[in-house]
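Hello,

Here is the structure for your files. My notes follow below it.

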Amino acid sequence: MKTLTVSVVTPDGPVLEDDYEMVSCKAESGELGILPGHIPLVAPLSINAVRLKRGNTEDKLAVNGGFMEVRPDKVTILAQSAEKPSDIDIERAKQAKERAERRLQSRQDHIDMLRAELALRRALNRLNVSSISR
Amino acid sequence: MASLRDIQSRINSTKKTRKITSAMQMVSASKMAKAEQNTKAFEPYSKKIQEVVAHIASSATDATHPMLEKREVKKTGYMVITADKGLVGAYNSNILKSLYHKIQERHQSKEDYTIITIGRKGYEFCKKMDLPIAQSIIGIGDQPDFADIKQIASETVQLYADEEIDELYILYNHYVSAISQQVTTTKLLPITDIEEHSNNTSFHDEYEYEPNEQQILEVLLPQYAESLIYGAILDGKASEHAASMTAMKSATDNAGELIDKLTLTYNRVRQAAITQEITEISGGVAALE
């Protein structure tokens, strides 16, 4: 089976670099599946899980926005943060989720709705990724 | 001349100070090593993002973005990276001096510029000199995460996007080596000089852009600008720890010199006292004979 090298880099350092058979992720414009030999592509990512398949196993990463650069044999994901399930602090994500939900419900003018919504999506994404893998 | 006891107590207190400064020197040395590591960890990210930005910017035919275009400058933004505390030698004053000169040189009135401060010293300086501050952040820690500075970086980029400022300079101490830091001023926005760095990239294919170049640029450029700001902060932090290490080293050395001098004086005074006693005793004996 052909593979492609996936590297995930964030400002705080590289998160992952390994060979996989398939990458599925959610770009801003919709779901994308990348197989080896894909044409060169650049696409912004949404806050979502990136799924990396190799054989029968599947690894997941919680990726917070950013974008991906695809070459036939290499996928580079550049995000402001990306976490493996084992690195996710579930308690903190839960707290962040509750805080964001409270903010959204309060509907007060002085709260930045967009930011609260983004925070909620990040928290849900983290919880989602950490729960599937267990 | 000071009494023996006075000199002794000065020696003791100087010794204590030396202990503290040498401990601080070691702390700064380890912080500097950590900061260097952070800078290294950040490098792949910054390189890659620069590569992609350069590629899109140079190949883009009709895609444009305000961050790539020069516009008439009505207001200039200066981002100043300083430390939160002193004890770092000339680290802060070098930057602030250079900032002050720049402003004096370039601007007639306060309407023409605004300042974004990172670190307490810069903030206090601007407050004292009554310079306009647009944004400020204090207490970002010794090893800042991207999350810590994300907000000020994106707010600063937003200032440019909202046309509050028409160009943005960043002033920081560039880390040359552990004993040398250099005040650096870089023009951050508009992004004009990306092509320069891009000659070593190995693009042979044209990219597909999903959904299109315009939208990619909209995501990419703010992220790029933020990454440049983060890079400068990491660089500044490494310089700060290096400067603090050098300052503490010279403080420790000076304390050692002072202790030597004081010990010499102490011994002289002690010897003088003994000599005097002997003279008095032998004088007394001579008087009795």
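In which sense do strand β5 of chain A and β6(B) pair, and over how many bridges? They pair in the parallel sense, over two bridges. (Strands pair if DSSP finds at least two bridges between them.) In β6(B), B:Y209 stands opposite A:V42.

This is a predicted model: local features need pLDDT of at least 70, side-chain atom pairs count only at pLDDT 80 or more, and totals for chains, interfaces and linings use all residues. Residues are numbered from 1 along each chain as its sequence is written, and chains are lettered from A and ligands numbered from 1 in the order in which they are written.

The interface: 25 residues of chain B are in contact with 21 residues of chain A. (Contact means C-beta atoms, placed from the backbone, within 7 Å.) On the chain B side, α1 (4–59), α4 (146–161), β6 (208–209) and α6 (213–288) each give two or more residues. (Helices are DSSP runs of H or I, at least four residues; strands are runs of E, at least two; both are numbered from the N terminus.)

Chain A: there are 10 strands and two helices. The order from the N terminus is β-β-β-β-β-β-β-β-β-β-α-α. The C-alpha atoms fill a box of roughly 50 × 30 × 25 Å, along the principal axes. Of the contacts in chain A with a separation of 6 or more, 48% join residues 24 or more positions apart.

Chain B: the domain assignment (automatic or from a database) gives domain 1 (4–25 + 247–284) and domain 2 (29–243). Their centres, taken over C-alpha atoms, are 49 Å apart.

Best wishes

How values were computed:
Two residues are in contact if their C-beta atoms, placed from the backbone, lie within 7 Å.
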